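Student: I'd like to learn how to read a few features of a protein model. Could you walk me through some?

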Amino acid sequence: MALPSVEMATSERNAVLDGVLGIFSRILKVPPSRIVPDASLAENGIDSLALFDVFEPIKATFGVGLSMQQVLVELRTVREIASFVAGRMGTPSTGRADPAQADGRTADVRAGASLDACPDGGELLPPESADPAGGPTGNVHNLIQSQLDIMALQLRLLGRAPADMVAEPADAPSSRVASTEKLIGMPFITVSMSPATCDDPQAAEYVRAFTARYTAQTRRSKEHATEFRALVADCRNSIGFDHHTKELHYPIVADRMADARVWDIDGNEYVDMTMGFGVHLLGHDPSGLRDALTTGASFGLGLRNSHAIEVARLLTGMTGMDRVLFVNDGTEAVMSAVKVARASTGRNRIVLFDLSYHGHWDGVLARGGKGGDRLRARPLFLGVTPGAVEDTVVFEFGSEEALRYVRDHSSDIAAVLIEPVPLRDPTRSSPDFLRALRAATRDAGVALIFDEMITGFRCHPAGIQGLYGIEADIATYGKVLGGGMPIGVVAGRSAILDSIDGGPWSYGDDSYPRARTTMVGGTYFQHPLSMIAARFTLEELARRGAEFPATINGKAARLMDGFNEIFHYSGVPVEAKGFGSFFRLYSDHSLSLLYHNLLLRGVYIWEWRSWFLSAAHTEADIDAVLAAMQESIEELQRHGVM
Ligand SMILES: Cc1ncc(COP(=O)(O)O)c(C=O)c1O
């Protein structure tokens, strides 16, 4: 049923803005006065996690649903969000009801605010005020206030902390000052509205001129991206999307790679600081690998190949684990590790930590619950059901609370899954915490899983387990191990991995596969090319000896120290921090233009901005990268954008 259009008065729009500010203030835990309605979301410290959190109360309060895509592309400030919401409230929709309106809770809230329900499920409109003294403004104010009151009541009834609904006092320190570049956790698609520079004509002119230079130099990559985006759905099409630097937003397409160098399809040469997201520890195309792969190219699938047992021998020897499972990538390794932990313990719950990334399997795409329900994990992304994470508990990395929880809930927990050094903030790594976690899990009979996808073979031949002398029950590997071929490995104690095949048995006696089993199997498991590449990698690492990681760590240290010296003397608020041979740049400001400057100067760094050193990086490469950083900072400072 079409409803008459109602133009919303300015005062009503202001009331909606106040309501939206109130919601942001509660989520960010800062007073509304700290949020600048016309500043970009990033400048207000609003990252995509915070946005996820405000969508629900905005929908519950105003009956208007927002999507991340809308906010990424169209709504760049709190005022724009509020205007959009007000517009949707003031303009009737002839379409279907927002799902929130079908929700009984929302309908009650609306009834409480004395709104008429639209019979055909269209948008609901505020009726004329029954009180001649109150105008439409009064209605909107009342609506917002009553809805907030009811939400507070509902949350209290649901056992959430009432304080959740109360803004902090004006002088409370802001706990959310990070800009998008500092958003080092999930989700993947970050909202980046940098740089603040575009209000400044000099900076805007610089961005324009820089964009022209950059797009001329990488013209073919940009053309490739234009067609590619239409045909291939790929999260890298939009990671770090930024309105102001949109014209620079496309992945560089490679033509050739060797050692620590890559060449793009425009013929530009780069020092590669991404190295296959940490895969190519030995460099691109290391001597001998190609020949080994060529000999293996005649292998097909369907039978077992003799390389797998060699890789298993090397792996168990290096990691001290009893048995291994070969899968296709890190995600599958983590998924299988959790499954065998659950199968072997007969328990369901897994404990995770907030900074971690464990691949794109639903069961680990979780974030902590809110308020009093903090321990009840919520899906981190659309498409992940609450059911998929209901047996998951997410703690702050390194928290005492996690240790207490493991001790107190031992009979429910199958496993604690941890990235022992979180890539997204390697500085948070703590051997003491890992040791305490080992002790707590051992006492509780809980499997401890080290996800060594990044640290495996990079920090120590036995990964973090070897470096700190901590024995996990299961360790997952991938990346470096495959030397560029797809691989994932679950290495673990027999008692756990036996749940895949019932355990080893022998001939000529009465043994049989005794353990109770789950289901893990795949067409491409133990793929011959992956096995050949893994064997090559492990043999090469063994040949290079125990000192090998230290040589690469030394290069990373020289690069980080050099960067920090440049940042310090230039007075730019950026810091390089890392662990062993990988690191990240930290800043409260967007570094998008800095990264593009580096790319233009021949330093390849991918959209997730983790830096990886390899055996192939030379001292000259490091000098070249340091010089590129110095020149980039000078250029950005000269034009007032840093
Ligand atoms: C710690 C960790 N675990 C798991 C994964 C998932 O691995 P993959 O991308 O091979 O599925 C990653 C990927 O970066 C990772 O860093």
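Student: Let's start with Phe277: is it buried, partly exposed or exposed?

Tutor: Keep in mind that this is a predicted model. To read exposure, look at relative accessibility: under 20% is buried and over 50% is exposed, with partly exposed in between. Phe277 has 31% relative accessibility, so it counts as partly exposed.

Student: Where does Phe277 sit, then?

Tutor: Phe277 is in the loop that runs between β3 (269–272) and α10 (289–296). Check its backbone too: phi is positive, about 55°, although Phe277 is not a glycine.

Student: Which loop holds Phe457, and what is its phi?

Tutor: Phe457 lies between β10 (447–451) and α15 (463–468), in the loop there. Its phi is positive as well, about 70°, and again the residue is not a glycine.

Student: Now a strand residue. Is Val490 buried or exposed?

Tutor: Val490 belongs to strand β12 (residues 488–492). With 0% relative accessibility, Val490 counts as buried.

Student: Which residues does Val490 touch, leaving out those up to four places away in sequence?

Tutor: Its contacts are Arg323, Val324, Leu325, Ala333, Ser336, Ala337, Ile474, Ala475, Thr476 and Leu497.

Student: What does the contact pattern look like for the whole protein?

Tutor: Take contacts between residues at least 6 apart in sequence: 72% of them join residues at least 24 apart. Of the 642 residues, 53% count as buried. The protein has 20 helices and 16 strands.

Student: How do I describe two packed helices?

Tutor: Use the angle between their axes and the distance between those axes. Here, helix α18 (residues 548–570) packs with helix α20 (residues 619–638) at about 20°, and the axes are 10 Å apart. That angle is why α18 counts as roughly parallel to α20. The crossing of α18 past α20 is right-handed.

Student: Which residues meet there?

Tutor: On the α18 side, they include Leu559, Phe563, Ile566 and Phe567. On the α20 side, Ile622, Leu626, Met629 and Ile633 are among them. The residues of this contact divide into 9 nonpolar, 4 polar and 4 charged.

Student: And how much accessible surface does the protein have?

Tutor: About 27,500 Å², with 53% of that belonging to carbon and sulfur atoms.

Note on methods
Residues are numbered from 1 along each chain as its sequence is written. This is a predicted model: local features need pLDDT of at least 70, side-chain atom pairs count only at pLDDT 80 or more; totals for chains, interfaces and linings use all residues. Side-chain values use heavy atoms; hydrogens and water are left out. Axes are lines fitted to C-alpha atoms, for helices over the stretch in contact, and angles run from 0 to 180 degrees between N-to-C directions. Helices (H or I, at least four residues) and strands (E, at least two) are DSSP runs, numbered from the N terminus. Angles under 35 degrees count as roughly parallel, over 145 as roughly antiparallel, 65 to 115 as roughly perpendicular and the rest as oblique. A crossing is left-handed if the near helix is turned anticlockwise from the far one by less than a right angle, and right-handed if clockwise. Contact means heavy atoms within 4.5 Å. Ala, Val, Leu, Ile, Met, Phe, Trp, Tyr, Cys and Pro count as nonpolar, Asp, Glu, Lys and Arg as charged, and the others, Gly among them, as polar. Buried means under 20% relative accessible area, exposed over 50%, partly exposed in between (1.4 Å probe, protein chains only). Accessible areas come from the Shrake-Rupley method with a 1.4 Å probe; for residues, only the protein chains shown count as cover.
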